[in-house]
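Reader: I am new to this structure and would like to understand one part of it well. Please pick a single place where its parts come together and take me through it slowly.

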2 protein chains.
Amino acid sequence: MTSWFVEKDADELSYGYSLKETLFSGKSHFQEIKVFETKAYGKMLTIDDFVMLTESDEFVYHEMIAHVPMLHHKSPRRVLVIGGGDGGTVREILKHQEVEHIVLCEIDSLVIDVSKKYFPKVSQKLDDPKLTIHIGDGFQFMREQKNAFDIILIDSTDPIGPGEGLFTKEFYASVSKALCPGGLLTIQSESPWAQAKFLEKIYQNIKGSFQTVKPYIGSVPTYPRGLWSWTLATNDSTWKSSFDLSRFNTFQGELEYLTEGMMRNIFDLPNFYKKKLGLS
Amino acid sequence: MTSWFVEKDADELSYGYSLKETLFSGKSHFQEIKVFETKAYGKMLTIDDFVMLTESDEFVYHEMIAHVPMLHHKSPRRVLVIGGGDGGTVREILKHQEVEHIVLCEIDSLVIDVSKKYFPKVSQKLDDPKLTIHIGDGFQFMREQKNAFDIILIDSTDPIGPGEGLFTKEFYASVSKALCPGGLLTIQSESPWAQAKFLEKIYQNIKGSFQTVKPYIGSVPTYPRGLWSWTLATNDSTWKSSFDLSRFNTFQGELEYLTEGMMRNIFDLPNFYKKKLGLS
């Protein structure tokens, strides 16, 4: 008999994955973590029964969250990742030679352990000498940082459970202070197909602490409704999109999803999404 | 008790939709057609238990299949749509003032009847005076056309069941003859996340009858794996992408998905997809 893992989205939608086997199931102090071998996407990591990543498509999420802000910053030397214990975001950041130091602040060491054991391609850079891993609460950690990072990436779960605080106005205010002048924040910001109220709340919360807020989109097949968004923010009110093509050219052959054409139009949003954000 | 409609994808994945009610269920000579009221996407049309469209997201598919070829043709006056009985593709084509005559060749009149009754926004142009509806087999119809259309759109179901013939080499050879000089074909060509063998077969079949073959992508949340592809083809071996921006500007405010930025880079494909098609 075939067994299935089924993710529910707000009791409106469900996404089922036929399984070859369950490789790991465990509970940390914070959440329940499982690893499945799926037929369609290879190994899959779930947290509290929500899909976090699969080995077949994780490149989309990680390329999108890392390279869009990194390529828009002239000299991204100091980088902070909140969440991201699987290591995929760190792996992409390290494709930029300018990076001197990355801090990964992950609340749950079990995410790191599981990723190292079951997802070697994703976690391959978690022992890199440029990386410092801090096990602790991102909300708390951020309040202690002032003028410390060029890039801050919020690579968290959804705004429920342990990730909830990472979508609040209070949190964004502390992120704003933790960034150096010219610094850029990027956060995963849910599906453009989600309910307008929910999307607008995230957008307005970020807007409350930053001068310029720029959502962008990409297609992640294992996330609910397929299309996903990330949001870049900065305290420069005159900020314009301009990315470093020569730096991009040093590694774009290694990428699987993000292309030069996408980068050129990264903040060009479909009308249906602009309407949901109240932008048109 | 909540009831669900669940679509299976190759026994590897499933997509469930929580239902408010079933509005229609009927069988034609060719297939089984149902209309559901879903919680997440409003009204949904299924054929043989595969999702064809929902009223919330149908604009993505229809804008993508229609405007990309239409905007790449200098004077798209005569247009043929094979399949497309719901009317969404015809509605988009009619946004181009240059169009003089559209032929819609749909094998199953029940699709048209159901769309007129349950999807008025989609089917709104099915009584347009520029449109001729031909109820019949697209494969047969195409063989009778020579040098007759500027644009041919294959708006069909998947390459199984009634739509199977519309993915064969023999069919593409007849499409090639039915196009006027400089004419453009566009076909729905499945998800870039589907198996490489399957995608490469569709691509190679088209390549066998056309000099230039250009796939492009867009995100449809209710199609399996979220990301979808369409493929444009022409017999001009020196064809280069160049779209009519002034024509686009006359209606782009009415569009919900396709943007100027997307049009500018429409044939810029992610590496993972190019590899599956054998293009890199």
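Author: Let's begin with a term we will need: a salt bridge here is a side-chain nitrogen of Lys or Arg within 4 Å of a carboxyl oxygen of Asp or Glu. Please keep in mind that this is a predicted model. With that in hand, look for A:Lys275 and B:Glu256, whose side chains form a salt bridge with N and O 2.6 Å apart. Two salt bridges are counted between chain A and chain B, alongside 18 residue pairs in polar contact, both partners being at pLDDT 80 or more.

Now for the extent of the contact. Chain A contributes 39 residues and chain B contributes 39 residues. The size of an interface is often given as the accessible area lost when the parts come together. For chain A and chain B, the buried area is about 3,100 Å², with 55% of it on carbon and sulfur atoms. On the chain A side, A:Glu12, A:Trp193 and A:Glu256 lose the most area to chain B, and together they make up 17% of what that side buries.

To find the pairing on your screen, look at A:Gly16, which stands opposite B:Ser14 in E2(B). E1(B) and E2(B) make a hairpin with three residues between them, and B:Ala10 in the turn has a positive phi of about 55 degrees.

Back in chain A, E2(A) also takes part in a contact within the chain. The domain assignment divides chain A into domain 1 (3-54) and domain 2 (58-237 + 244-276). The C-alpha centres of these two domains of chain A are 22 Å apart, and their contact takes 25 residues from domain 1 and 20 residues from domain 2. Between them, the domains of chain A bury about 2,100 Å², 68% of it on carbon and sulfur atoms. A:Phe30, A:Met52 and A:Leu53 supply 24% of the area that domain 1 buries against domain 2, more than any other three residues.

The polar side of the domain contact can be followed too. Two salt bridges are found across the interface of domain 1 and domain 2 of chain A, and A:Asp9 forms a salt bridge with A:Arg225, with the closest N and O atoms 3.4 Å apart. Eight residue pairs are in polar contact across the interface of these domains of chain A, both partners being at pLDDT 80 or more. On the domain 1 side, E1, E2, strand E3 (32-38), strand E4 (42-47) and strand E5 (50-54) of chain A each supply at least two residues. The largest share, seven residues, comes from E2(A). The residues of that side comprise 16 nonpolar, four polar and five charged.

Methods. Residues are numbered from 1 along each chain as its sequence is written. Chains are lettered from A and ligands numbered from 1 in the order in which they are written. This is a predicted model: local features need pLDDT of at least 70, side-chain atom pairs count only at pLDDT 80 or more; totals for chains, interfaces and linings use all residues. Side-chain values use heavy atoms; hydrogens and water are left out. Contact means heavy atoms within 4.5 Å. Buried area is the accessible area (1.4 Å probe) that two parts lose on being put together, summed over both. A polar contact is a pair of N or O atoms within 3.5 Å; within protein, one must be able to donate a hydrogen and the other to accept it, and residues adjacent in sequence count only if both atoms are side-chain atoms. Two strands pair if DSSP finds at least two bridges between them. Helices (H or I, at least four residues) and strands (E, at least two) are DSSP runs, numbered from the N terminus. Domain bounds come from an automatic or database domain assignment. Ala, Val, Leu, Ile, Met, Phe, Trp, Tyr, Cys and Pro count as nonpolar, Asp, Glu, Lys and Arg as charged, and the others, Gly among them, as polar.
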